[in-house]
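Subject: The two-chain model

Hi there,

Here is the structure I promised to send you. Have a look at it first, and then read my notes below with the model open beside you.

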Amino acid sequence: MPLYHDEDQAMLADTAGQFMADEGAIAKQLRHFRDRDCPDGFGNALWSQFAEMGFTGMLVAEEDGGLGMGHVEAGIVLEEIGRNLTPSPFLTSSIVTATALASADANLRERYLPGLISGESVFAVAIDEGAKHRPERIGTKAERSGNGFKLSGKKDFVVQAVAADMIVVAARTSGSDADEDGITLFAVPKDAAKMDQDPVRLVDSSIASHITFDGVELDGDAVIGEVDGGRAILNKMLMAGRVGSAAEGVGVARGAMDLTVEYLRQRKQFGKLIGQFQALQHRAAHLYSEVEITRAAVIKAQQLLDADSEKADLMTSVAKAKSAKTAALAVREGVQMHGGIGMTDEYDIGLYMKRDRALQEFMGDANYHANRVAELSGY
Amino acid sequence: MSETAELESFRQETRSWLEANCPPEMRQPAIEEEDVFWGGRNTEFASDAQKAWFEVCRDKGYTVPAWPTDYGGAGLNPEQAKILRQEMNQIGARPPLSSFGIWMLGPALLQFGTEGQKQHFLNEIARGEVRWCQGYSEPGSGSDLVSMQTFGEDKGDHWTVNGQKIWTSYADKADWIFCLVRTDKGNKYQGITFMLFDMHGGGVTTKPIKLISGNSPFCETFFDDAIVPKSYGDDCPGYVGEINRGWDVAKYLLGHEREMISGAGGGDRTAAIGALMKLHVAKEGGELDPLLRAELAMFDVDALAYSAMGEKFLDEVKVGKAHPAQPNMMKYAGTELNKRRHELMMSAGGSRSLEWDSDETGGGKPSRNWLRTKANSIEGGTSEVMLNVISKRILGLPDA
């Protein structure tokens with residue numbers, strides 16, 4: 001398969017690009033909800049429009065009422081989200097949770113997928129424990145209790161949890177913290193007793209929660225997949241989330257680069273456009289080169305994931321690491337080349353810097369994934 | 001998405017053909033200089049296997065698989081050519097013939113040549129009969145190539161050429177040269193002609209240049225009243241394109257050279273080096289330093305991402321989707337990556353990799369190759385020139 005968008009995908013890119021630039025624009029969404037201290041961190045009206053556009057159920061199988069599309073298509077929407085810094089639960093709900101629910105029994109799928117597709121429900125995933133992404137270690141415990149389980153432990157960086165109707169929780173049902181096996185995934189409803197949620201606003205104005213489970217009682221039918229067999233599903237969720245956030249990172253990088261190049265064409269100093277100075281031209285050209293390479297790595301990873309290739313795992317980590325490095329470069333260069341006004345809240349470039357910082361930590365940063373590339377390569 | 005039945009059957013055919021015809025020795029990486037077969041009048045094969053592999057490919061048109069069959073190629077379409085490349089990579093098959101004729105003059109003739117030139121020169125190239133070299137740079141004209149001054153005086157049916165070229169790759173081994181020659185001193189861009197002539201027709205001398213690597217892949221080439229005929233026969237001019245419009249051909253070719261050099265970073269098989277470096281270090285009784293391991297990991301991320309870029313770029317070129325200036329980006333990123341690769345290989349190799357002519361290092365390969373890569377970002381347009389082109393032609397930044 002060639003490494004560029006086919007005709008349908010190119011059309012989707014046009015549609016999603018137009019939609020996000022109009023409806024998901026920074027002034028209309030990110031600034032609007034930030035300045036009003038919106039408790040959800042995103043606009044529900046926009047999320048309904050996501051559903052009308054058919055985005056919410058993109059990854060859901062057709063027999064479950066979705067569009068049965070792949071990660072290439074989802075990545076197109078995510079790249080536009082990144083370019084416009086559009087706050088939404090698309091990545092957590094429509095990508096990572098949808099991936100988890102694809103492995104759930106009919107009962108859970110019927111319960112949650114219609115709301116996911118219609119946009120009436122929002123979902124989150126609770127994986128991280130501690131401030132760094134280390135999904136190899138899962139300490140949150142779910143102990144057998146009657147016909148169900150009792151969930152105890154603490155999860156961090158649960159993005160979009162405050163508005164979520166259900167949270168997918170990775171917990172340990174056997175073995176010890178670092179064991180590969182013994183993981184089970186649970187669909188935990190938002191009103192579960194003895195679950196305490198502490199939502200905090202992050203640097204990029206998104207909201208993530210610390211969640212404490214203090215013996216939360218769950219029915220056996222809250223189990224997604226098999227008891228003790230959750231690692232394989234978790235790995236699928238991780239790959240989906242990683243390639244998805246890598247695509248969003250490409251969007252952030254492009255958005256920041258476009259703003260910056262535009263500024264270089266307009267700003268005058270010393271009687272010249274600053275874009276005439278070779279010192280800045282070369283840095284901008286280097287950034288362009290990195291962004292192009294990153295797009296290629298991301299689409300390669302998306303295609304491998306859609307083809308269910310065994311190479312997808314490695315390439316997903318390559319894509320996430322590369323995307324994190326490139327987006328960081330784009331926002332750093334962006335702020336520096338904007339000069340003083342790059343430090344003001346009035347200009348958008350700083351918002352890109354903030355979003356990039358948060359996105360880097362989501363599903364593992366560049367160091368985590370470069371290390372993974374080394375391990376998967378045998379060193 | 002599955003390949004069409006037609007392509008799938010081509011893949012199967014190709015696989016069986018390679019299995020039957022590519023000798024096992026030709027499935028090992030080319031290590032020594034003589035492992036690369038360049039063709040030419042005075043050529044010698046390094047082994048029977050090299051000869052057999054070349055001949056069987058020549059007869060099938062696989063020295064230049066995408067060229068039309070009339071010109072010595074196999075007439076493969078882009079999808080078929082990609083499949084052949086993939087299948088050759090799969091078994092590690094060496095290119096049967098390497099030549100500047102294939103990489104550079106060929107594409108120029110396909111684009112600008114007359115039918116007579118194509119019939120004559122392309123067939124010679126495809127059959128490995130003539131080895132070409134390229135005369136572009138001059139001592140005073142490197143990055144600013146268009147300032148070149150080697151002059152051809154019009155003598156009616158021929159030019160007499162005087163001047164000097166530099167960095168002519170393998171000029172001392174070449175049979176013919178494609179050469180930029182000034183034919184109008186009053187017109188900078190439209191006063192250059194892209195000439196084709198015999199290196200042994202008189203008036204041409206070459207002198208190898210010894211590089212920091214100790215090797216001499218490049219020469220200085222001197223023209224002292226060298227005679228260049230305006231025609232080699234019916235419909236076969238001694239120049240490509242129009243007289244005084246050689247710069248158009250040169251610019252087109254520089255694009256090809258940049259693609260070629262950007263490809264020098266290696267395909268998918270050789271992109272990541274971390275695992276290999278761990279083995280090297282272990283062989284010398286050590287283990288990877290954690291910081292070196294981290295650098296290797298970051299390198300492998302970049303190298304694997306660049307591999308994907310190479311694949312995407314070729315896919316886009318095939319359907320005309322690539323930005324015309326994109327080869328500059330590929331060249332810039334690919335050569336910088338290759339320099340970094342060799343820095344890391346030197347680090348991993350430690351004191352062993354310093355050895356200049358020991359048997360253990362195959363005569364100082366690590367250090368000589370490392371030094372050679374420093375030219376990657378100079379030849380074919382420096383990294384700085386590439387960045388200039390990207391910033392102006394792709395990003396639309398204003399001229400100084």
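A definition to begin with: two strands count as paired if DSSP finds at least two bridges between them. Please also keep in mind that this is a predicted model.

**Strands in chain B**

With that definition in hand, look at β3(B) and strand β7 (residues 218-229) of chain B, which pair in the antiparallel sense over 10 bridges.

**Strands in chain A**

Now turn to chain A, where strand β2 (residues 141-145) and strand β3 (residues 148-159) pair in the antiparallel sense over five bridges. In this pair A142(A) stands opposite L151(A) in β3(A). How many residues lie between the strands of the hairpin of β2(A) and β3(A)? There are two, and G146(A) in the turn has a positive phi of about 60°.

β3(A) is also joined to strand β7 (residues 207-218) of chain A, by nine bridges, and these strands run antiparallel. To find the spot, look for V158(A), which stands opposite S209(A) in β7(A).

**Domains**

Chain A is assigned three domains: domain 1 (7-122), domain 2 (125-228) and domain 3 (232-377). The C-alpha centres of domain 2 and domain 3 of chain A are 30 Å apart. Between these two domains, 14 residues of domain 2 are in contact with 13 residues of domain 3. On the domain 2 side, the elements that give two or more residues are β3 and β5 (183-189) of chain A. That side has 10 nonpolar, three polar and one charged residues.

Chain B is assigned domain 1 (5-98), domain 2 (132-246) and domain 3 (264-394). Taken over C-alpha atoms, the centres of domain 1 and domain 3 of chain B are separated by 25 Å.

**Where the chains meet**

The contact between the chains takes 35 residues from chain A and 37 residues from chain B. On the chain A side, the elements that give two or more residues are α7 (230-266), α8 (278-306), α9 (312-338) and α11 (366-377). Which of them gives the most? It is α8(A), with 15 residues. By class, the chain A side has 20 nonpolar, 11 polar and four charged residues.

Two packed helices are described by the angle between their axes and the distance between the axes.

Within chain A, α8(A) and α9(A) pack at an angle of about 155°, with their axes 8 Å apart. Angles over 145 degrees count as roughly antiparallel, so α8(A) and α9(A) are roughly antiparallel to each other. α8(A) passes α9(A) in a left-handed crossing. Residues of α8(A) in this contact include L280(A), V291(A) and L305(A), while those of α9(A) include A312(A), A319(A) and M337(A). The contact has 15 nonpolar, four polar and five charged residues.

Across to chain B, the axes of α8(A) and helix α9 (residues 326-349) of chain B come within 10 Å and cross at roughly 90°. The two helices are therefore roughly perpendicular to each other. Y288(A), S289(A), E292(A) and I293(A) meet M329(B), Y332(B) and A333(B) there.

Finally, the axes of α8(A) and helix α11 (residues 383-394) of chain B come within 8 Å and cross at roughly 80°. That makes α8(A) roughly perpendicular to α11(B). Among the residues in this contact are H282(A) and Y288(A) of α8(A), and L387(B) and I394(B) of α11(B). By class, the contact has six nonpolar, six polar and no charged residues.

Enjoy exploring!

Best wishes

Terms used: Residues are numbered from 1 along each chain as its sequence is written. Chains are lettered from A and ligands numbered from 1 in the order in which they are written. This is a predicted model: local features need pLDDT of at least 70, side-chain atom pairs count only at pLDDT 80 or more; totals for chains, interfaces and linings use all residues. Domain bounds come from an automatic or database domain assignment. Helices (H or I, at least four residues) and strands (E, at least two) are DSSP runs, numbered from the N terminus. Two residues are in contact if their C-beta atoms, placed from the backbone, lie within 7 Å. Ala, Val, Leu, Ile, Met, Phe, Trp, Tyr, Cys and Pro count as nonpolar, Asp, Glu, Lys and Arg as charged, and the others, Gly among them, as polar. Axes are lines fitted to C-alpha atoms, for helices over the stretch in contact, and angles run from 0 to 180 degrees between N-to-C directions. Angles under 35 degrees count as roughly parallel, over 145 as roughly antiparallel, 65 to 115 as roughly perpendicular and the rest as oblique. A crossing is left-handed if the near helix is turned anticlockwise from the far one by less than a right angle, and right-handed if clockwise.
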